[in-house]
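These are my notebook entries on one protein chain. I record what I looked up, in the order in which I looked.

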Amino acid sequence: LVESFLERAPFPLLLEDEAPFQVAYWMGSTGNNFGLHTDMFTEQFLCQHQGTKEVLLLLPEDASLVDPFPFLETTLYYKSRSRSVKNLHPGAAREVLRIIMQPGDVLYMPSWWWHEVRTLEGPSCSTTYRFHLEDADRFLKVMNLFYQFHKSAAEYGTGHLAKHLRSFFVHALQPSKKTGEGWFIPLVSCTLGFGFGWLCALRHRCSVR
């Protein structure tokens with residue numbers, strides 16, 4: 001089956017042979033819907049080989065419009081809780097780009113753009129070629145660190161510390177009136193150092209109780 005599929009998925013000439021990337025093959029029947037999500041710091045080309053697909057793309061300035069899972073509660077923060085664009089707040093509809101892909105079409109998807117892919121006419125065969133940006137690994141480490149030390153705080157004592165941390169994050173992520181833009185990078189660096197130190201201290205405290 002895989003060998004038969006590969007014959008229908010030629011390597012795009014627009015990609016460099018030596019460029020590092022990941023390849024994902026997709027097969028689906030009519031009506032199959034890959035829910036609304038983002039691949040974060042990843043650029044990719046979607047190549048349609050057989051069948052017809054609908055792709056919905058959006059990148060609103062207000063991330064709450066795509067209803068992502070809270071990153072302090074789950075590692076599924078790259079997915080939308082609403083699953084589909086049609087379930088989002090009406091304000092999100094103004095941001096949506098709709099593309100119909102036929103065999104032979106190639107779609108470039110920039111990093112962070114949220115997308116929902118649905119098969120209109122199947123069977124459908126397609127391929128994505130993914131290029132992870134330099135910030136991809138750093139971002140995942142930061143998000144996983146946020147999740148882990150919030151989880152540890154929530155399990156410690158009454159949970160009061162976890163509530164304080166949530167308010168601490170909300171306060172820190174507000175744009176600074178003094179420095180304006182450029183506040184995110186120093187915040188992340190500070191949070192990484194704080195997070196590792198805080199985790200070590202919390203684990204040591206729990207181990208001696």
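**Entry 1: helix H4**

How far does H4 reach from its first C-alpha to its last? I find that H4 has 13 residues and reaches 18 Å, close to the 18 Å expected at 1.5 Å a residue. The expected span is 1.5 Å times one less than the number of residues in the helix. Helices (H or I, at least four residues) and strands (E, at least two) are DSSP runs, numbered from the N terminus.

I note that the model is predicted, that local features need pLDDT of at least 70, that side-chain atom pairs count only at pLDDT 80 or more, and that totals for chains, interfaces and linings use all residues. Residues are numbered from 1 along each chain as its sequence is written, and side-chain values use heavy atoms, with hydrogens and water left out.

Next I looked up which residues of H4 are buried. Buried means under 20% relative accessible area, exposed means over 50%, and partly exposed lies in between (1.4 Å probe, protein chains only). Ala162, Leu165 and Phe169 are buried in H4. Seen down the axis of H4, the buried residues fall within an arc of 55 degrees, so they line one face of the helix. The arc is taken over the directions from the helix axis to the C-beta atoms. His160, Lys163, Val170 and His171 are exposed on the other side of H4.

**Entry 2: the chain as a whole**

I then turned to the overall layout. The chain holds five helices and six strands, and along the sequence they follow the pattern α-β-β-β-α-β-β-β-α-α-α. Of the 209 residues in the chain, 39% are buried. I took a contact to mean heavy atoms within 4.5 Å. Among contacts between residues at least 6 apart in sequence, 83% join residues at least 24 apart.

**Entry 3: salt bridges**

I applied the rule that a salt bridge is a side-chain nitrogen of Lys or Arg within 4 Å of a carboxyl oxygen of Asp or Glu. By this rule I record five salt bridges.

One of them joins the side chains of Arg98 and Glu54, with 2.6 Å from N to O. Arg98 lies in strand S4 (residues 97-101) and Glu54 in strand S3 (residues 42-58), so I note that this pair links distant parts of the chain, 44 residues apart. Arg98 is exposed at 56% relative accessibility, whereas Glu54 is buried at 9%.

Glu54 also meets Arg118 in a salt bridge of 3.2 Å, N to O. Arg118 lies in strand S6 (residues 114-132) and Glu54 in strand S3, so the pair ties together parts that are 64 residues apart in sequence. Arg118 is partly exposed, at 31% relative accessibility.

A further salt bridge joins Lys151 and Glu155, at 2.8 Å from N to O. The two residues are four apart in helix H3 (residues 135-155), which means that about one helical turn separates them. Lys151 is partly exposed at 36%, and Glu155 is exposed at 57%. I also record that salt bridges with shared partners join Glu54, Arg98 and Arg118 into one network.

**Entry 4: aromatic pairs**

For rings I used this rule: rings of Phe, Tyr and Trp (its six-membered ring) pair if their centres lie within 6.5 Å, with planes under 30 degrees apart counted as stacked, over 60 as edge-to-face and the rest as tilted. The structure holds 13 aromatic pairs.

Phe149 and Phe169 form a tilted pair, 5.8 Å centre to centre with 55 degrees between the planes. Phe149 lies in helix H3 and Phe169 in helix H4 (residues 160-172), so the pair ties together parts that are 20 residues apart in sequence. Phe149 is buried at 0% relative accessibility, and Phe169 is buried at 8%.

**Entry 5: surroundings of Arg130**

Which residues does Arg130 contact, leaving aside its neighbours within four places in sequence? I list Phe21, Gln22, Ala24, Trp26, Asp39, Thr42, Glu43 and Gln44. Arg130 itself is placed in strand S6. The C-alpha atoms of Arg130 and Asp39 are separated by 9.3 Å, while the two residues are 91 apart along the chain.
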